[in-house]
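Here is a short walk through one protein model, from the overall picture down to a few side chains. Keep the viewer open as you read.

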Amino acid sequence: MVFEEKMIMNGEPEDEEEEEEEEEDMVDPLETMRQKCVETEHCIHTQARLEECETRVGSRSATEEDCTEELFDFLHARDHCVAHKLFHSVK
């Protein structure tokens, strides 16, 4: 019974909220690096081409076109930037 009273008095759910807040504060360094790379000129250009393609394809009711090439171009540009920055910092 004492244990149950402590749980009620101490508010166990608050402890769970604190753990969730700590997890939210963690930032993935890879995600940070990807975001910086997306802001480079080449990535901005390839992302714009991807968005134009998605808009074009989304506006048609029936099309066989997809944006695979544009998506791969964007991902390649971003990942190339990430790899370049990552391997230079590892040396």
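Of the 91 residues in the protein chain, 15% count as buried, where buried means under 20% relative accessible area, exposed means over 50%, and partly exposed is in between (1.4 Å probe, protein chains only). Keep in mind that this is a predicted model, in which local features need pLDDT of at least 70 and side-chain atom pairs count only at pLDDT 80 or more, while totals for chains, interfaces and linings use all residues. Residues are numbered from 1 along each chain as its sequence is written, and side-chain values use heavy atoms, with hydrogens and water left out.

**Overall layout**

The chain has five helices and zero strands, so called from DSSP runs numbered from the N terminus (helices: H or I, at least four residues; strands: E, at least two). Going along the sequence, the pattern reads α-α-α-α-α. The accessible surface comes to about 7,900 Å², and carbon and sulfur atoms make up 53% of that; the areas come from the Shrake-Rupley method with a 1.4 Å probe, and for residues only the protein chains shown count as cover. Among contacts (heavy atoms within 4.5 Å) with a separation of 6 or more, 60% are between residues 24 or more positions apart.

**The core and its neighbours**

Which residues make up the largest nonpolar core? There are five: Val38, Leu50, Cys53, Cys67 and Phe74. A nonpolar core here is a set of buried Ala, Val, Leu, Ile, Met, Phe, Trp, Tyr and Cys residues joined through side-chain atoms within 4.5 Å.

Take Phe74 to begin with. Leaving out neighbours within four places in sequence, Phe74 is in contact with Val38, Cys43, Thr46, Gln47 and Leu50.

Cys67 sits in the loop between α4 and α5 (68-90) and is buried at 13% relative accessibility. With residues up to four places away set aside, Cys67 touches Leu50, Cys53, Glu54 and Val57. Its C-alpha atom is 9.4 Å from that of Glu52, 15 residues apart along the chain.

Thr46 is in helix α4 (residues 41-58). Is Thr46 buried or exposed? Thr46 counts as buried because its relative accessible area is 4%. A polar atom of the Thr46 side chain lies 3.1 Å from the backbone oxygen of Cys43. Beyond neighbours within four places in sequence, Thr46 is in contact with Glu70, Asp73, Phe74 and Ala77.

**Charged pairs**

Side chains of opposite charge can pair when their charged atoms come close. The structure holds five salt bridges, each being a side-chain nitrogen of Lys or Arg within 4 Å of a carboxyl oxygen of Asp or Glu.

Shared partners join Arg56, Arg60 and Glu65 into one salt-bridge network. How accessible are these residues? Glu65 is partly exposed at 27% relative accessibility, Arg56 is partly exposed at 32%, and Arg60 is partly exposed at 42%. In the remaining pair of the table, Asp79 is partly exposed at 36%, whereas Arg78 is buried, with a relative accessible area of 15%.

Key. A polar contact is a pair of N or O atoms within 3.5 Å; within protein, one must be able to donate a hydrogen and the other to accept it, and residues adjacent in sequence count only if both atoms are side-chain atoms.
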